[in-house]
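This report goes through one structure part by part. Look at the sequence and the 3D view below before reading on.

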Amino acid sequence: MTYTNQRMAYGNTLVELGKEDKRIVVLDADLGGSTMGKLFEAAYPERHFEMGIAEANMTSVAAGLAQTGKIPFTNSFAVFAGGRAYDQIRQTIAIGKLNVKICGSSSGMSDFGDGATHQAIEDMAIMRAIPNMTVICPADANETVQAVKAMVELDGPCYLRLNRNDYENVTPEDKPFEIGIPSVLKEGSDIVVFATGIMVGKALEAAEELKDKVSVKVVNVSTIKPMNKEAVIKQAKDCKAVVTVEEHSIVGGLGSAVSEVLCKECKPIEFVGVEDTFGGSGHNYNDVLEYYKLTKEHIVESILKMVEPYK
Amino acid sequence: MKYSKELIDELNQKAKKLRKDVVISIGVGVAGHIGGSNSSADIVSALYFHKMKHDPKNPKMPDRDRFLLSKGHVAILQYAALAESGYFPVEDLKKTKEIGFYLQGHPDVLKTPGIEAGTGSLGQGLSIGLGMALGMKLDHIDRKVYVLVGDGESAEGQIWEAAMAASAFKADNLVAIVDNNGLQANGKVTDRFNSYPLIPKWESFGWNVIEIDGHNMEEILSAFDEADMVKGKPTVIIAHTVKGKGVSFAENVVGFHNGMLTEENYAQALKELS
């Protein structure tokens, strides 16, 4: 089955995995119709828990379930899953390395209509700062299917960041997901673009547009934590400069994680992401992405800026 | 009398020993949570030395009863109960909070055998206990989860989220004990932030409520046995207690919530608990 929506890929993959693996349980906070937890609820009602609009309790209940050998997935919008329940995640789940999977749905600007209160632009920064946490931001629906499978295999806490909207896949179907392994989607030698989530596709489009001018390498970094330092250095080494691209604040996300590695290698870096500001409402997703400079055009601009001194 | 005099005496003696262990693990000149530990000691004695099925040689035995401190700051009391049960040497209690040691200031599930979950950010333990209760029901394990909650802690909204959820899920394998000692870190509960009355709140949240004297061993045992009989709803035991119980100078004294003992205090406390 091919999906073009990460939520659909997520919900259906949980159903598929839950058929054999009875340890999997799913918790929702009255958003199962959006997180696609409802698919699991329909398939295995006894292993789905409707926790009501009470994310803190949901998250600690998941911790308790994990302590009885279950593999709980907690679902909510990313602002709540990672934000409202931050303390519950930190205190019990992360300190105890409990096997809880936290799914931050409708992340970034992807809940375009609801505005700043529902647009998680700092969730990766928050989750990345917590010891013992793994943070995954798949590029597309194909990668989401595989990432969910890898999360079940991983013994320990994990945050999964998903987009709300439909868009085309840029990674192949059925390619096994290895946590911590970035993949080169396009080779190039002038500028390396490290991208994550929906911005991976836009980075590929930017590279394509510039193909006669600049040799651009595009790397899909879908594991934000643990950041694979060796891979980042390897991919950046032979390029002149670096651009990071994410649908997230430029404070604390992919750009920061890559910088933490490359500052020691003296590579100039430019960030494409949400400037240090909250989001806002729009009538459609693309308008919001454009308003916050999360477009192919801004990636092109950044690449050209970074390659300029070397021309 | 429902319970033999021997049993009551034994559990009272063990409670006294727990209080003594608490004092020893705090030591002299270092702050420690003597108040809330000693108010809960009789309840913890009843659970660890009589009521709960658990095995120090096999702490993760699937069909065990589980005990969680939602008021995680009284970890020293649980360490004492675990040590006296044989999970680790009683001698080690003295080294609590030393750098790198396995007995931390708050319960750490990775470091200490017998700890079921990390707690300490108040208000979360009842939810964690509910998760365990739900997991045990899925696995058809007919044991209980006991969660000790503070009365001051009951100001945390998540306690009431958990209370709602537990009755919604008919978690009759979950038992909360409220250590109703009447004091919180900065004063009397009624003066600082009045979260009372507790009983009508718990009743309206759908719980079976039992009110006891938390230092009367027979009432404690009877309450736990009554909770076993209740089907379809969780039970909360409101245990009226004295903060710092058993150490005269600390009883009902706010300053001994997380107090420091002088050499003189220490000697007197040990004497009173001998």
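## Strand pairing in chain B

Two strands are said to pair if DSSP finds at least two bridges between them. In this predicted model, β1(B) and strand β2 (residues 145-150) of chain B are paired in the parallel sense, over four bridges. Within this pairing, B:Leu68 stands opposite B:Val147 in β2(B).

The two strands belong to an open sheet of five strands in chain B, with the order β1-β2-β3-β7-β6 and parallel pairing. At its edges are β1 (66-69) and β6 (208-213) of chain B, each of which pairs on one side only. On average, neighbouring strands of this sheet are turned by 20° against each other, with direction ignored.

## Helices on the chain B sheet

Which strands does helix α2 of chain B lie across? Helix α2 (residues 34-51) lies across β1, β2, β3 (174-180) and β7 (235-240) of chain B. Its direction is at about 150° to β3(B).

Helix α8 (residues 217-229) of chain B lies across β2, β3, β6 and β7 of chain B. The angle between helix α8 and β6(B) is about 170°.

## The sheet of chain A

Chain A has an open sheet of five strands in the order β7-β9-β8-β11-β12, and the pairing in this sheet is mixed. β7 (183-186) and β12 (269-274) of chain A stand at the edges with a single partner strand each, so one side of each has no neighbour in the sheet. Neighbouring strands here are turned by 25° against each other on average, direction ignored.

Inside this sheet, strand β8 (residues 191-195) and strand β9 (residues 216-220) of chain A pair in the parallel sense over five bridges. A:Phe194 stands opposite A:Val219 in β9(A). Helix α10 (residues 229-237) of chain A lies across β7, β8, β9 and β11 (241-249) of chain A, and runs at about 150° to β8(A). Helix α11 (residues 254-262) of chain A also packs on the sheet, where it touches β8, β11 and β12 of chain A. The direction of helix α11 makes about 150° with that of β11(A).

## Backbone details

Most residues other than glycine have a negative phi, and most peptide bonds are trans. The following places depart from that pattern.

A cis peptide bond, with omega about 0°, joins A:Lys225 and A:Pro226. A:Pro226 is in the loop between β10 (223-225) and α10 of chain A. In chain B, the peptide bond from B:Tyr196 to B:Pro197 is cis, and its omega is near -5°. B:Pro197 is placed in the loop between α6 (189-192) and α7 (198-204) of chain B. Is the phi of A:Asp30 positive or negative? A:Asp30 is a residue other than glycine with a positive phi, near 65°. A:Asp30 is found in the loop between β1 (24-28) and α2 (32-35) of chain A.

## Where the chains meet

How many residues of chain B are in contact with chain A? There are 24 residues of chain B in contact with 25 residues of chain A. The two chains bury about 1900 Å² between them, and 61% of this area is on carbon and sulfur atoms. B:Gln124, B:Leu138 and B:Glu161 supply 25% of the area that chain B buries against chain A, more than any other three residues.

The count of salt bridges between chain B and chain A is one. The side chains of B:Asp139 and A:Lys70 meet in a salt bridge, at 2.5 Å from N to O. Across the interface there are also 11 residue pairs in polar contact. On the side of chain B that touches chain A, α4 (125-138) and α5 (157-168) of chain B each supply at least two residues. α4(B) gives the most, with nine residues. By class, this side of chain B has 12 nonpolar, seven polar and five charged residues.

Notes:
Residues are numbered from 1 along each chain as its sequence is written. Chains are lettered from A and ligands numbered from 1 in the order in which they are written. This is a predicted model: local features need pLDDT of at least 70, side-chain atom pairs count only at pLDDT 80 or more; totals for chains, interfaces and linings use all residues. Side-chain values use heavy atoms; hydrogens and water are left out. Contact means heavy atoms within 4.5 Å. Buried area is the accessible area (1.4 Å probe) that two parts lose on being put together, summed over both. A salt bridge is a side-chain nitrogen of Lys or Arg within 4 Å of a carboxyl oxygen of Asp or Glu. A polar contact is a pair of N or O atoms within 3.5 Å; within protein, one must be able to donate a hydrogen and the other to accept it, and residues adjacent in sequence count only if both atoms are side-chain atoms. Ala, Val, Leu, Ile, Met, Phe, Trp, Tyr, Cys and Pro count as nonpolar, Asp, Glu, Lys and Arg as charged, and the others, Gly among them, as polar. Axes are lines fitted to C-alpha atoms, for helices over the stretch in contact, and angles run from 0 to 180 degrees between N-to-C directions.
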